[in-house]
Each structure stands twice: as structure tokens, then as C-alpha cells.
Amino acid sequence: MATMQSMATDPLRALLEQAFPGAEELEIIDRTGGGDHFHVIVQTDRFDGLSLIDQHRLVNDALAAPLADGTIHELRITTRGTA
Amino acid sequence: MSDDLRNRIKEIIETEDVVLFMKGTPQWAMCGNSMRALEALRAAEAPIAAVDILPNPEYRKELSALSGWPTIPQVFVKGELIGGADIVQELALSGELVAKLQDALGAEYRAPGEEKTLALAEAAA
């Protein structure tokens, strides 16, 4: 059953799954329930050896479309490598 | 107009030690993320040059085009993008922010309470 929560987060999840296949952890939180303030948590071995800013750049790149069109009004990012 | 704006943004990034592009001003932050970045810089006692991007939607567009970073806030140290609120906060907690500031600005960089707000368009009225 599609909840309000999953309706907002599913498209973002799809983009992140596409960008980080096989990620250890992928969590998308609709922080306010309004469908435009999100916190995404990504853990993947893609991040191993990358600086924090490069890790965040990859997440920003994955979500470029919803960031550009205003679907995401505010984004918090938490990234972790696996090493 | 757009060239002037881009040049002004570049000039600020290149000439100020620590720049915080934010929503609102240090006295009146209009967004939780801008506040978090500001607090992290304050805790590290960085000299802060704040730029409010809210007065004109072009400010944010031009800044993001220049930096390749889509969201606000954005923190620059000596011309280099450090990141947004999450990164700056994480670096502050781990102690790396102080190390970065010392590397970039020298061991005696601390300037508690040194905050100024810069305008992108001095006479754009």
C-alpha cells in the first residue's frame, strides 16, 4: 500500500538505487511529512576513499533532477563508506 | 547583469577567508541548515563573511552554477568549497574543521565574533 510517506520518498529511492546499486544502506526520510524536506542516508563502498565533499557530490548528482525542479526543497545528507 | 553578479560572487569567494552563503543573515538566519553551518563556523571561531542569497533568486542560481553545489548553505575557505551544512557540521564535530582552518588561514586564525555580511549587489535598487 502506498502511504503518503512512500509516495514522496519512492522516486528519490529509485534515483539513489540507480546511482548506488548494491548500497549497504539507503534510507530516505521525509522530515516534515510535507514531501519536500528530506534526509537521505547512504552507505556504499563507492564512498570508500572519497572525501566527504565528493561523497555528497555523488548524492547531489544522483538527485540533480528533483533538486533542480524544486521537488526537494531542503536536503540533508549523511554518507558512510564501508571501509 | 549576470556577468556582474558572477564576478561579484567570484570576488567574494576569492578575497574573503571564510564565506558562508546562506538564507538570511547571521543575525537573522532564515533556514535551519544555514543556522547549522553558521553555528559550526562560530564554534570553530572562524572569521565569517556571510552572504544572504535570498534577496534575488538569481543569486542562488549563479552561485550554484559557479560552485556545482545545488543547495544552500555553501561554505568556502580560501576560495575552496568545503560543503554544505551537513559536511561543515560533521567536520566541526570531528575536529577537522579547525584543522582545515588552521591549514588554510594559519594557526592563529581564530577570530571569535568576527562576522560581517556582504551584499551581492551594492546598488541594485
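**Fold of chain B and its helix 2**

Along the sequence, chain B runs α-β-β-β-α-β-α-β-β-α-α-β. Its radius of gyration, taken over C-alpha atoms, is 14 Å, close to the 14 Å that the globule rule gives for 125 residues, so chain B is as compact as a globular protein of that length. The globule rule is 2.2 Å times the number of residues to the power 0.38. The model is predicted: local features need pLDDT of at least 70, side-chain atom pairs count only at pLDDT 80 or more, and totals for chains, interfaces and linings use all residues. Residues are numbered from 1 along each chain as its sequence is written, while chains are lettered from A and ligands numbered from 1 in the order in which they are written.

Chain B holds 5 helices and 7 strands. These are DSSP runs numbered from the N terminus (helices H or I, at least four residues; strands E, at least two). The C-alpha trace spans about 40 × 25 × 25 Å along its principal axes. Of the 125 residues, 38% are buried, with 20 or more other C-beta atoms, placed from the backbone, within 10 Å of their own.

Helix 2 covers residues 32-43 of chain B. At 1.5 Å a residue, its 12 residues should span 16 Å, and its end C-alpha atoms are 16 Å apart, which agrees. The expected span is 1.5 Å times one less than the number of residues. Buried residues in helix 2 are B:Asn33, B:Ser34, B:Ala37, B:Leu38, B:Ala40 and B:Leu41. They cover an arc of only 160 degrees around the axis, which puts them on the same side of the helix. The arc is that of the directions from the helix axis to the C-beta atoms. Just after helix 2, B:Glu45 takes a positive phi of about 55 degrees.

Note on methods:
Buried ≥ 20, exposed ≤ 12 C-beta atoms within 10 Å, placed from the backbone.
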